[in-house]
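Biologist: Put the model on screen, please. I have some quick questions.

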Amino acid sequence: MKFSIAFAAAMAGSFFVASAASAAGGFEDQMGRCLQQFANTRDAAQVMLECTADAGKLSGCKVVDNSAAGKGFDKAAMCIAEKLPMGAKTGTVKVPFRFPGGA
């Protein structure tokens, strides 16, 4: 069973700013760290991952589309996916990320 999960990283800027103020180590912190470590937040990109969802987590993710190849957004998306909450979803899921740039 396939599910499309809309995940707009348009909120990346606010998560990135919030991550600097928060030491809790949650999803927002992970997102900020991943973007800072792997990609230039001034650039824009879209990345599509295909993963297996089970027990509230994603595993076995692979990049199926990357609009900015070679700029690290694929690595940032894979890093963010490690902490992305999935709830009760199970099976193969496609997870789109949109990095708007300008941060």
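Modeller: Start with Met 48. Leaving aside neighbours within four places in sequence, Met 48 is in contact (heavy atoms within 4.5 Å) with Lys 62, Val 63, Val 64, Asp 65, Lys 94, Val 95 and Pro 96.

Biologist: What should I know about the model itself?

Modeller: This is a predicted model, so local features need pLDDT of at least 70 and side-chain atom pairs count only at pLDDT 80 or more, while totals for chains, interfaces and linings use all residues. Residues are numbered from 1 along each chain as its sequence is written, and side-chain values use heavy atoms, with hydrogens and water left out.

Biologist: Back to Met 48. Where is the place of Met 48?

Modeller: Met 48 sits in strand 2, residues 45-54. Helices (H or I, at least four residues) and strands (E, at least two) are DSSP runs, numbered from the N terminus.

Biologist: Zoom out. What pattern does the protein chain follow?

Modeller: Along the sequence, the chain reads β-α-α-β-β-α-β. That is three helices and four strands.

Biologist: How much of the chain do buried residues make up?

Modeller: Of the 103 residues, 37% are buried. The chain exposes about 5,700 Å², and carbon and sulfur atoms supply 53% of that. The areas come from the Shrake-Rupley method with a 1.4 Å probe; for residues, only the protein chains shown count as cover.

Biologist: And what share of contacts comes from residues 24 or more positions apart?

Modeller: They account for 67% of the contacts with a separation of 6 or more.

Biologist: Helices now. At what angle do the axes of helix 2 and helix 3 cross?

Modeller: Axes are lines fitted to C-alpha atoms, for helices over the stretch in contact, and angles run from 0 to 180 degrees between N-to-C directions. The axes of helix 2 (residues 27-38) and helix 3 (residues 73-81) cross at roughly 160° and come within 8 Å. The two helices are therefore roughly antiparallel to each other. The cut-offs: under 35 degrees is roughly parallel, over 145 roughly antiparallel, 65 to 115 roughly perpendicular, and the rest oblique.

Biologist: Which residues make the contact between helix 2 and helix 3?

Modeller: Helix 2 brings Phe 27, Gln 30, Met 31, Cys 34, Leu 35 and Phe 38. Helix 3 brings Lys 75, Ala 76, Cys 79 and Ile 80. By type, eight are nonpolar, one is polar and one is charged. Ala, Val, Leu, Ile, Met, Phe, Trp, Tyr, Cys and Pro count as nonpolar, Asp, Glu, Lys and Arg as charged, and the others, Gly among them, as polar.

Biologist: Take Phe 38. What does Phe 38 touch?

Modeller: Not counting residues up to four places away in sequence, Phe 38 touches Lys 71, Gly 72, Lys 75, Ala 76 and Cys 79. The C-alpha atoms of Phe 38 and Cys 79 are separated by 8.9 Å. Phe 38 has a relative accessible area of 29%, so Phe 38 is partly exposed.

Biologist: Which residues of helix 3 are buried?

Modeller: Phe 73, Ala 76, Ala 77, Cys 79, Ile 80 and Ala 81. The buried residues of helix 3 pack against helix 2, strand 2, strand 3 and strand 4 (91-99).

Biologist: Loops next. Where is Ala 55 found?

Modeller: Ala 55 is in the loop between strand 2 and strand 3 (57-66). Phi of Ala 55 is near 55°, a positive value in a residue other than glycine. Most residues other than glycine have a negative phi. Ala 55 counts as exposed because its relative accessibility is 69%.

Biologist: Last one. Is Met 86 buried or exposed?

Modeller: Met 86 counts as buried, at 7% relative accessibility. Met 86 lies in the loop between helix 3 and strand 4. The C-alpha atoms of Met 86 and Asp 54 are 8.0 Å apart.

Notes. Buried < 20%, exposed > 50% of the residue type's maximum accessible area, 1.4 Å probe, protein only.
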